[in-house]
Amino acid sequence: MTFQDILQADAALVQARLDAALAGLDDVPVVQAMRYAVQGGKRLRAFLVMESARLHGVGPEVSVSAAAAVEALHAYSLIHDDMPCMDDDDLRRGLPTVHVKWDEATAVLAGDALQTLAFELLCDPALGTAERRLALVAGLARASGAQGMVLGQALDIAAETAAEPLTLPEITRLQAGKTGALICFSAEAGALIAGADPAPLRAYAQALGLAFQIADDILDVEGDEAATGKRVGKDAEAGKATFVSLLGLEGARARARDLVLQAENALSSYGEGAAALIAAARFVISRQS
């Protein structure tokens, strides 16, 4: 199977798991918004969970709940990130954002409920012993909270009113939280499920997450709204410092390529078994959305 085949197959499994988790809930606006928010997307984070699990001999029938948990958490973050008090976006994945389609209160509650669903999914007994499930819960909590994604978002908001644009180290720290932390947890999750050392996957994911964000910054400059499914040119309009504004387009591309090589090198101990993860690293800097 090619990387795209694996990505699509994993996405279908994760969508089915999310649909099953939401199937028994009342058909009220907040649940409708939750179902809407978990549709579509690349599912790269889910792929990282499931492929890192395969690398350790753990099949998709086991890892799918952890992959679905990451996607539920990611969906919550997008709902809140799109709201007027954050990035104020009206388009996500080519569709109206949740607060536009419903209202702000529904968006807040749908995001809250998807966040709690993520931790419920990590309690699935199929994921192994209580100790391993607890490691997953703790890892996702750190990645998504004030040590990770929330911290990154807070730094991003603060930067909008700062007297001086962020420096390159400051942007790197911000994005390591806002984008990188959840990507890092996703890649480590397979090792946590298997009770293995996550260090090589952590090094891989740290480079991957930064490359992913640089690619996003490039797409904001050069991307097509129809392809990306969201507004482009926002960073320049807001006067935000980005990897592109500080490094230039060619400098940003070169930095992303270097990071992909770092990611590949971090997986050298896995040999040919890491081929799909290497393909994922190359994909993140060539994608159009």
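Leaving aside its neighbours within four places in sequence, which residues is T106 in contact with? The model in which this can be answered is a predicted one, and in it T106 is in contact with P29, V30 and A33 once those sequence neighbours are set aside. T106 lies in helix 6, and because its relative accessible area is 11%, under the 20% cut-off, T106 counts as buried.

The protein contains 14 helices and two strands, and its C-alpha atoms fill a box of roughly 50 × 50 × 35 Å when the box is taken along the principal axes. For 289 residues, a compact globule would have a radius of gyration near 19 Å, and the protein, with 18 Å, agrees with that expectation. Of these 289 residues, 49% count as buried. Among the contacts between residues at least 6 apart in sequence, 72% join residues at least 24 apart. The accessible surface comes to about 12500 Å², and carbon and sulfur atoms account for 56% of it. As for charge, the protein carries 24 positive and 38 negative side chains, while the centres of the two sets lie 3 Å apart.

The largest of them has 43 residues, of which V14, L114, L136 and F185 touch the most other members. At least two residues of this core come from each of helix 1 (3–23), helix 2 (29–37), helix 3 (44–54), helix 4 (60–81), helix 6 (104–121), helix 7 (130–144) and helix 9 (168–194). Helix 4 gives the most to this core, supplying eleven residues. Apart from this core lies another, of 42 residues, which includes F3, L201, I214 and V284. Returning to F185, and leaving aside its neighbours within four places in sequence, one finds it in contact with V70, L136, G139, L140, A143 and L192.

The backbone of R43 deserves a separate remark. Most residues other than glycine have a negative phi. The phi of R43, by contrast, is near 65°, a positive value in a residue that is not glycine. D88 likewise has a positive phi, of about 55°, although it is not a glycine. D88 is placed in the loop between helix 4 and strand 1 (91–92), and at 43% relative accessibility it counts as partly exposed, because this value falls between 20% and 50%.

At 0% relative accessibility A107 counts as buried, and, not counting residues up to four places away in sequence, A107 touches I79, H80, M83, V98 and H99. A107 and G195 are 88 residues apart in sequence, and their C-alpha atoms are 36 Å apart in space.

D217 lies in helix 10 and is buried, with a relative accessible area of 5%. Leaving aside its neighbours within four places in sequence, D217 is in contact with D235, T242, F243 and V244. The C-alpha atoms of G223 and H99 are separated by 24 Å, the two residues being 124 apart along the chain.

Methods: Residues numbered from 1 in each chain as written. Predicted model: local features only at pLDDT ≥ 70, side-chain atom pairs only at ≥ 80, totals over all residues. Heavy atoms only, no water. Helix = DSSP H or I, 4+ residues; strand = E, 2+ residues; numbered from the N terminus. Rg over C-alpha atoms; globule rule 2.2 N^0.38 Å. Buried < 20%, exposed > 50% of the residue type's maximum accessible area, 1.4 Å probe, protein only. Contact = heavy atoms within 4.5 Å. Areas by Shrake-Rupley, 256 points an atom, 1.4 Å probe, with all protein chains shown as cover. Lys, Arg positive; Asp, Glu negative; His and termini not counted. Charge placed at Lys NZ, Arg CZ, Asp CG, Glu CD. Core = buried A, V, L, I, M, F, W, Y, C linked by side-chain atoms within 4.5 Å.
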